[in-house]
Amino acid sequence: MINLAYKDIRHTLSKFLVTAMGVGMLLGIVLIMIGVYRGMADDARMLLRDINADLWVVQQQTLGPFAESSRLHQDTQDILRALDGVDKTAALTLQNIQLYNRQQQAVRVMAVGFDPAGDFQIIPAQRILAGRSLRAQHFEMVVTDKTGFQLGEQIALGRDTYHVVGVVQGSVSSSGDPLVYISLKDAQNVQFSYSNPRIRNDRARGLLGQNTQLVNTVVAKVRPGYSAQEVAEQIETWKHLTAYTHEQQATILSRNVIERSSKQIGLFTAILVLVSGIIIGLIIYTMTLEKIKEISIMKLIGIPSRMVVKMIMQETLLLGAIAFVFGNIFAHLIYAQFPKRVVLMWNDSLLLFAIILTASFLASLVGVYKVMKADPASAIGG
Amino acid sequence: MSTGIRIENLQKTYGQGDNAVEVIKGACFEVQRGELAALIAPSGAGKSTLLMMIGCVLEPSGGEIWLGDTQVYADRWTTKDARTIRREKIGFIFQAHYLIPFLNVLENVSLLPQTNKEPEALIRKRATQLLDYLGLGEKLYAMPSDLSGGQNQRVAIARALATEPQIILADEPTAALDIERAHSVAKLLRQIAKEQQVAIIMVTHDERLLPYCDKILKINEGKIDTSQVESDQVI
Ligand SMILES: Nc1ncnc2c1ncn2[C@@H]1O[C@H](COP(=O)(O)OP(=O)(O)O)[C@@H](O)[C@H]1O
Ligand SMILES: [Mg+2]
């Protein structure tokens, strides 16, 4: 039995391929969009994964430290360490700062402050590309390779000059900014200390003794045999603090930090998929219209409609499938050019494939309708 | 001889009420298998209308149609599946060849028998023989776009013959051809009618082709005047 779809496509092969390539580019963009979302979601959790704490303790009733600002006293870390079930703790500061490179260009980074003398590993060893982690209590900095800073470079921050002692690979904040690490003391100075005029002003108003011993969060590891959930409840009950487990913090990140962006991208993606479906529908419609005379004749001489319908459907599905292949090639060719991380996952790709095949199927119904309506008597008109 | 086509009191009215146009007003005739009949009338007289009703494409307004021994219409269709009747019993030829542009000559001719689920080897053998017979033995794998108008019309004839129909309905099959080719097509149809025992109705404007025919059906005010062609006229 002759396969009509195959014959028809072979007859107009170049046109068919160019069309599929065009639709493919659109699908490629859809894949990139999904990849941007995946990259964003992955970036958002990177710091959480790197630090790998069991508990994130923050200012009471805040969603800190990523989704909301949070301040607590540094000594919280000692109070927590005294708790039954808590193994290690570390006090952390997180702040967005702007650095300047040698070309005097601003580099936006997120600075993570931690105590270099602490026993909690904040920078995972496998991330370090060159140099080492922080050792001194002052004026050392570990930078992410993406910032463009080099090992040994001097960087001005506030009134001080920092020395780059280590370079790590690919660390980003929940909003995708590259990370730098400085000591907790330096970070507190940058974040909480005030300028001389401000201090004079405050003194004149009777506000004395500014406390710079503040941090944004305290992370903790629980001892083996203890559940993070139970320790968190204990902390919340007795210490006027809020404690999140690793999973809770991950949920906060995806619900509150990247939710809007993901909805935005999701909407974009949905529209693009819809547009692709409409375009495939229009293409199939015109492809059918071009053949409507032949289709009427086929019906007239007695060829069953289902054969013609099969042809249209097969052509549509093939168009969708080839476009999908082109889309994947296209996406893989260009994704590295995007400034933020794009993560292409085969699962997403397969899901899109299923959606596109469904959309193609629906789109082909337009052509099928045209076929069913074609009047054989009109074929010989006049 | 057995009956190929018979119609009784066939009627067709287009439109309704004030717009109603009575085109065929009680036509009667018979064409035997092995006969080539010419259907002639001025343009707009209802030749195509009549042919499409016989071909089960257009629903009559009343009357009766027999194809072979089967009554297919008796004031209504006797079967729901007119398309199967068309596919199995009738070969159609038109003014234009209407071949499927993306199928080659052999595929165009084989498509209908394949739809009828005939054995592949038989289909191929018959199609090749037919095309040979029609002088297209060298063009089996050519695309319609590579052939001349006359060649394509012969492929269309082969397609109409491929299912070995009892009936061929040809609506002005020679109108697009020059007189020489028109003669050869008419001659061919006559030959087919005789050799394959097919009942053929050929619509034509061209009086020069009438000598090839056994009988002439003339539409006159919506009715049919039948006249036999004198046998000494036959070439
Ligand atoms: N679908 C239709 N609706 C209304 N009138 C039609 C239709 N088809 C044909 N006619 C009319 O019927 C008459 C016969 O048409 P047709 O059978 O095509 O004539 P012929 O083939 O002899 O030239 C013409 O007057 C034409 O206008
Ligand atoms: Mg006509």
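Analyst: The C-alpha centres of domain 1 and domain 2 of chain A lie 50 Å apart. This is a predicted model, in which local features need pLDDT of at least 70 and side-chain atom pairs count only at pLDDT 80 or more, while totals for chains, interfaces and linings use all residues. Residues are numbered from 1 along each chain as its sequence is written, chains are lettered from A in the order in which they are written, and side-chain values use heavy atoms, without hydrogens and water.

User: Which residues make up the two domains of chain A?

Analyst: Domain 1 covers 4-43 + 260-379, and domain 2 covers 96-211. These bounds come from an automatic or database domain assignment.

User: Why is B:Asn152 called buried?

Analyst: Buried means under 20% relative accessible area, exposed over 50%, and partly exposed in between (1.4 Å probe, protein chains only). B:Asn152 has 4% relative accessibility and therefore counts as buried. Leaving out residues up to four places away in sequence, B:Asn152 touches B:His97, B:Leu99, B:Pro144 and B:Leu147, where contact means heavy atoms within 4.5 Å.
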